[in-house]
Amino acid sequence: MDQSLTPLFTALKKHAAGNPVQFHIPGHKKGAGTDPEFREFIGDNAFSIDLINIAPLDDLHQPKGVIAQAQNLAAEAFGADYTYFSVQGTSGAIMTMILSVCSPGEKIIVPRNVHKSVMSAIIFSGAKPIFVSPVQDENLGIDHGITTSSLKRALQRHPDAKGVLVINPTYFGICADLRSIVDLAHSYGVPVLVDEAHGVLIHFHEELPMSAMQAGADMAATSVHKLGGSMTQSSVLNVNADTGLINPQRVQTMLSMLTTTSTSYVLLASLDTARRQLALHGHDMASRAIALANYAREAVNELEGLYSFGNEILGTEATFDHDPTKLSIHVRHLGITGWEAENWLREKYNIEVEMSDMYNILCLITPGDTQQSVDKLLSALRVLSAIHYGKGDIYELKVQVPEIPQLALTPRDAFYADTELVPFKESADRIIAEFIYVYPPGIPILLPGEVITQDNIDYILDHVEIGLPVKGPEDRTLTHVKVIVEADPIF
């Protein structure tokens with residue numbers, strides 16, 4: 001296929017150039033009806049292609065024309081049999097994957113450190129999660145992925161599972177041996193669904209980890225907007241139908257059920273053009289990002305009190321490969337938290353990082369970076385090191401993540417059950433009816449249906465006390481938590 005073509009974007013430009021008189025939504029009518037300041041800032045070109053699914057522009061819910069052509073080009077670029085565009089982000093694509101394979105009461109094997117969209121899909125589907133603990137890095141205080149051996153134990157206990165979900169790469173860029181995981185799951189006849197939110201570049205460069213499609217996975221939800229140049233909220237869902245474990249028509253149906261009927265053609269066009277850029281120039285784009293990241297990593301590791309891991313972390317079952325464009329910087333030896341480092345970089349140098357936790361900050365080096373942007377980060381980190389190194393107490397690194405709580409009810413049953421509010425500090429042994437996440441990256445500590453333990457309470461309150469964001473409960477102060485009503489016994 002001719003990857004230089006952009007069938008959808010080209011059709012949108014042609015339609016806008018014809019200057020049709022519009023009696024359809026959106027009501028701004030090419031920007032004429034919108035706020036003047038916003039129109040001037042955004043520009044008339046953007047408004048001219050902010051259109052709706054009229055006949056010449058195809059329909060994402062049942063594509064037959066230019067959207068179908070754009071998705072076919074994307075499938076070839078990503079090595080998939082089918083590719084579906086998502087304007088509901090990778091969260092929508094992840095939910096589509098799970099809803100496509102799971103029905104109420106059926107099991108799905110998932111890592112505990114999944115994104116909250118996975119648990120949303122489990123509630124919607126009524127599926128029962130079988131959790132596998134990720135490997136915890138006791139030197140860095142972060143989670144890696146699940147291993148082939150831990151997945152094997154899960155499949156031996158639950159061979160009736162309808163799917164296995166894997167994160168590849170993790171938020172911090174670490175990959176397990178995805179091909180062996182896929183082969184193992186397929187030997188049980190179980191499809192593999194991959195959260196590839198942070199892996200759009202890996203398909204396009206041999207120095208990056210293996211992509212989901214290259215490993216033979218059945219589906220992968222991939223955030224083109226995170227690292228691949230499309231606009232925020234635009235992602236793709238790649239499907240490999242060769243194994244016969246996935247029904248592409250059901251995938252399309254589920255994606256349509258989760259997608260607005262007023263799909264954004266601006267987002268869709270950005271996917272079409274980002275695919276062209278990746279297909280034609282992805283290798284060079286990735287090469288530049290890798291080179292800048294390696295340059296930054298070497299410079300960070302020369303600074304006192306800072307450490308950015310690289311290939312030296314590899315060699316275990318959980319650390320099979322690494323995406324170097326994820327620049328993780330361990331700040332514990334400066335005597336500060338990652339949260340404090342993030343805020344300092346924002347306030348003093350106008351630098352925004354991707355995320356922070358107790359011990360680390362994460363910076364993403366993408367094709368949009370330059371030597372200048374990376375050097376500004378390094379200059380700020382030099383000052384940070386000079387201010388803090390050797391000046392205060394160093395935090396003791398404690399991997400405190402509590403044991404996975406007992407799941408007393410399926411998340412769906414708990415979410416829709418009769419509930420009451422109780423003081424959070426006094427909620428031990430009660431069944432929670434809502435989520436509690438440490439965010440970012442949105443990893444759940446407690447899920448609907450789990451029995452709250454005192455370890456859970458202490459862990460969450462520790463995060464609150466040091467200022468790390470804890471999200472999910474309806475009571476944002478975390479004074480109270482919603483739990484299942486427990487009926488009094490009848491004697």
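**View 1. Side chains of E342 and R346 form a salt bridge, with N and O 3.0 Å apart.** A salt bridge here is a side-chain nitrogen of Lys or Arg within 4 Å of a carboxyl oxygen of Asp or Glu. E342 and R346 both belong to helix α12 (residues 338-349). They are 4 residues apart, about one turn of the helix. By the salt-bridge rule, the count comes to 10. The model is predicted: local features need pLDDT of at least 70, side-chain atom pairs count only at pLDDT 80 or more, and totals for chains, interfaces and linings use all residues. Residues are numbered from 1 along each chain as its sequence is written, and side-chain values use heavy atoms, with hydrogens and water left out.

**View 2. Helix α7 (residues 148-157) packs with helix α8 (residues 178-187).** Helices are DSSP runs (H or I, at least four residues), numbered from the N terminus. The angle is about 15° and the axes are 10 Å apart; axes are lines fitted to C-alpha atoms over the stretch in contact, and angles run from 0 to 180 degrees between N-to-C directions. That makes α7 roughly parallel to α8, a term for angles under 35 degrees.

**View 3. T148, L151, K152 and L155 of α7 meet S180, I181, L184 and A185 of α8.** Contact means heavy atoms within 4.5 Å. The residues of this contact divide into 5 nonpolar, 2 polar and 1 charged. Nonpolar covers Ala, Val, Leu, Ile, Met, Phe, Trp, Tyr, Cys and Pro; charged covers Asp, Glu, Lys and Arg; the others, Gly among them, count as polar.

Technical notes. Helix = DSSP H or I, 4+ residues; strand = E, 2+ residues; numbered from the N terminus. Parallel < 35°, antiparallel > 145°, perpendicular 65-115°, else oblique.
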